[in-house]
Each structure stands twice: as C-alpha cells, then as structure tokens.
Amino acid sequence: MKRQDFYFDLPENLIAQQPAAQRRDSRLLVMSDAEADNVLVDAKFPDLLSYLKPNDLLVFNNTKVIPARLFGQKATGGKIELLIERVVDESTILTHIRSSRSPKPGTILTIEDAFDVEVIGREEALFVVKVLSEQTALELVEAHGHMPLPPYIEREEDAEQDKERYQTVYSQKPGAVAAPTAGLHFDNELMADINAKGVDIGFVTLHVGAGTFKPVQVDNIAEHVMHSEYLEVEPGLVKQIENARKKGGRVIAVGTTSVRCLESAAKFSDTGSIAPYQGETDIFITPGYEFKEVDVLLTNFHLPESTLIMLVSALAGYERTMAAYQHAVKNQYRFFSYGDAMLVFPKKNQIVD
C-alpha cells in the first residue's frame with residue numbers, strides 16, 4: 001500500500017490543544033463488531049464500561065513520561081534545546097539537540113543553568129551526552145526538565161496542568177518522552193469501576209520515543225524503517241492473558257503501544273504464542289498483519305499517513321478505518337494526544353484489506 005492511501009483532510013481546529021476539563025470528559029467513537037458494515041456509535045468515554053465483559057483483560061502501558069525537554073547554552077552563549085530520546089544509564093543520555101551548529105564531541109553544554117553535560121558522540125541523528133554531576137541523569141531531568149508536548153500542540157507548556165494531564169494516573173516506570181495517550185482518559189474512579197465489573201487489568205511497559213512522531217517519508221509503506229523502542233512484558237501479564245483466554249475473555253489493548261508490546265512478545269517467542277520479553281522492538285503493523293494476541297483496541301485519533309493509523313487499519317480493515325476517520329472529522333471529534341478516543345473492534349469474519 002501507499003503512504004497516500006492513509007491521507008485524510010484534518011481541519012486545524014480539530015487538533016486538541018488542551019485536555020478536556022476532566023479525563024473522562026472526552027468522547028468515544030465505537031467501531032462496532034456488528035454484522036452490518038461500518039457500524040459507528042457516537043458515545044462518551046465512560047460508556048466504555050458497557051462494552052467490557054467479565055473476564056476481559058485490559059492491558060495498559062505503565063510507562064511514565066519524563067520531562068524530556070531541556071534548554072541551555074554553549075560556552076559561546078549560543079542557545080540550545082535538548083529533546084531526550086532515552087536515558088541510557090545513570091550518566092548517559094541519548095538526545096536530539098537543536099542548535100545553530102551541531103556540537104562536536106568534547107563540547108560542554110550548560111543545561112537550565114543547573115548542570116553541565118559533555119557531548120561524547122553521535123548515533124545517526126542523535127547525540128550521546130554524559131552528565132557531569134554527582135546526581136544521576138534521571139534525577140537532573142526530573143528536577144529541571146519540561147514536559148515534551150507533541151509538535152502539533154502549538155502553545156507554551158502549562159507546567160502545572162501538563163505535568164499532571166500529559167501523564168496517565170497509573171504511570172509507574174520513568175522513561176517515555178511521549179505519553180501513551182489512550183490511557184489519558186482514565187481516572188482512578190473509572191479504573192475501580194472496571195475492576196468492579198470483573199474485568200482484569202494488566203500492565204506492559206513501552207518507553208515511547210520521540211520517533212513516534214517520525215513521518216513516513218517513502219511512498220511504498222513496506223519500505224518504511226520503524227524506530228526502535230524498549231519494552232517489557234512480564235511473566236505475570238502472560239499468565240493474565242492465559243487466564244483470560246481460558247475463561248473466554250478478550251485481550252483489549254489500551255493504546256497502540258500496548259499492541260506493539262503484546263504482538264512483539266508473541267513475535268519474538270520461540271513458541272509462536274506470547275512469552276515474557278524484555279528488549280527492543282521495531283515492529284511495524286500494517287494491513288495484512290495477522291494479530292496473535294490483541295482482540296480489541298482502544299486508541300486516540302492519529303495523524304494522517306502515520307504508522308499508527310496504519311496499525312488501526314490492520315485491525316479494523318482499511319475501508320472501515322478511513323470511513324471512521326471521515327465520520328470523526330464530520331462530527332467534530334478532537335484529534336491527537338489531548339483528543340478523543342475510539343474503541344476498535346475487528347469486523348466479524350473480516351478479510352483484512
């Protein structure tokens with residue numbers, strides 16, 4: 001398929017610049033699994049409960065967004081901006097650097113007037129920098145960094161609001177530089193209601209990198225090279241999946257990052273079914289992909305021609321997905337990170353486009 005096949009016209013006013021007043025206040029577009037083609041249901045996010053059944057398993061990504069944007073200067077006074085891709089270890093960071101001239105190895109940069117780092121190398125477009133401090137890299141980033149709002153949010157950071165709202169209520173493991181946004185709609189009360197209904201809740205970890213915003217630049221999507229991200233699927237989650245299957249429950253992935261975790265853990269397993277996994281993945285899911293672990297997907301609305309809308313199309317079918325996006329635009333749904341959500345059921349007995 002071609003990249004242009006996944007284009008749709010999105011008015012700028014539909015790109016959410018602020019979160020909803022309350023997490024659960026967003027809308028929910030349901031791509032039903034009813035027998036009729038293209039059954040779309042306009043709902044509110046708490047209506048998600050009515051689509052869940054006892055013994056289902058909801059799988060959330062418990063990564064925690066770090067304040068990965070940092071500002072500083074060179075010794076010459078020239079301004080720089082860092083957008084961290086990954087905290088590698090206690091003293092090493094892999095980062096994008098925006099500067100009038102790319103700093104060379106050995107260059108010392110002063111960050112937020114608080115600490116220094118030394119550029120020690122390059123990995124393609126990214127810089128490897130070493131923190132020159134007794135504090136760890138993560139401690140310094142947490143203390144001095146700014147939340148890394150996506151490039152399509154065209155406003156200044158609201159430090160207090162974004163620190164809370166560009167983070168899920170169940171985040172645990174620091175390392176992401178972009179939020180797993182399907183999870184932003186859940187508050188603690190809704191999580192409790194899900195549990196009370198007899199629905200199991202499990203967690204994976206995938207530290208979302210800035211590469212998630214990398215556009216597809218080739219016409220033939222088969223030629224696109226995916227960015228790599230670190231993930232963890234623990235033995236306990238594998239057992240939860242096995243238990244859900246035994247009881248007739250469905251595995252519902254909350255967000256495309258959870259999909260990437262589950263499908264990667266199955267892909268890298270020696271048995272062909274899901275097994276514990278810890279490491280990197282560059283899995284690229286497009287129409288024609290056969291899902292091994294995910295039955296249903298909860299996700300936000302994604303950018304035109306993005307790898308994420310391609311993933312949704314793989315599960316729901318291309319025609320159904322593009323029709324749903326046209327419906328969302330027509331009905332003024334809010335798009336992207338702070339926008340509304342969609343619940344994606346595969347069409348019954350579908351042949352994937």
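**A barrel, a helix and some rings**

Biologist: Is V117 buried or exposed?
Modeller: The cut-offs are under 20% relative accessible area for buried and over 50% for exposed, with partly exposed in between (1.4 Å probe, protein chains only). V117 has 1% relative accessibility, so this residue counts as buried.

Biologist: Thanks! What kind of model is this?
Modeller: Residues are numbered from 1 along each chain as its sequence is written, and side-chain values use heavy atoms, leaving out hydrogens and water. Local features need pLDDT of at least 70 and side-chain atom pairs count only at pLDDT 80 or more, while totals for chains, interfaces and linings use all residues, since this is a predicted model.

Biologist: Which strand holds V117, and which residues does V117 touch?
Modeller: Strands (E, at least two residues) and helices (H or I, at least four) are DSSP runs numbered from the N terminus, and V117 lies in strand β9. Contact means heavy atoms within 4.5 Å. Not counting residues up to four places away in sequence, V117 touches T107, I108, L109, I111, V129, K130, V131 and L132.

Biologist: In what order do the strands of the closed barrel run?
Modeller: Two strands pair if DSSP finds at least two bridges between them. Here six strands with antiparallel pairing close the barrel, in the order β5-β6-β7-β10-β9-β8.

Biologist: And what is the average twist from one strand to the next?
Modeller: Axes are lines fitted to C-alpha atoms (for helices over the stretch in contact), and angles run from 0 to 180 degrees between N-to-C directions. From one strand to the next, the twist averages 45°.

Biologist: What angle does helix α2 make with β6?
Modeller: Helix α2 (residues 137–144) packs on the sheet and touches β5, β6, β7, β9 and β10. The direction of α2 makes with that of β6 an angle of about 125°.

Biologist: How far apart are the end C-alpha atoms of helix α8?
Modeller: The expected span of a helix is 1.5 Å times one less than its number of residues. The 13 residues of α8 (318–330) should therefore span 18 Å, which agrees with an end-to-end C-alpha distance of 19 Å.

Biologist: Which elements do the buried residues of α8 pack against?
Modeller: The buried residues of α8 are Y318, R320, T321, M322, A324, Y325, A328 and V329. They pack against β1, β2, β16, α7 and β17.

Biologist: How many aromatic pairs does the structure hold?
Modeller: Rings of Phe, Tyr and Trp (its six-membered ring) pair if their centres lie within 6.5 Å; planes under 30 degrees apart count as stacked, over 60 as edge-to-face and the rest as tilted. Under that rule, the number of aromatic pairs is 18.

Biologist: What geometry do F45 and F186 adopt, and how many residues separate them in sequence?
Modeller: The ring centres are 5.2 Å apart and the planes stand at 90°, so the pair is edge-to-face. F45 is in the loop between β2 and α1, and F186 is in the loop between β11 and α4, so the pair ties together parts whose separation in sequence is 141 residues.

Biologist: Finally, which arginine lies over the face of Y333?
Modeller: A charge sits over a ring if NZ of Lys or CZ of Arg is within 6 Å of the ring centre and within 35 degrees of the ring normal. At 3.8 Å from the ring centre of Y333, the residue over its face is R27.
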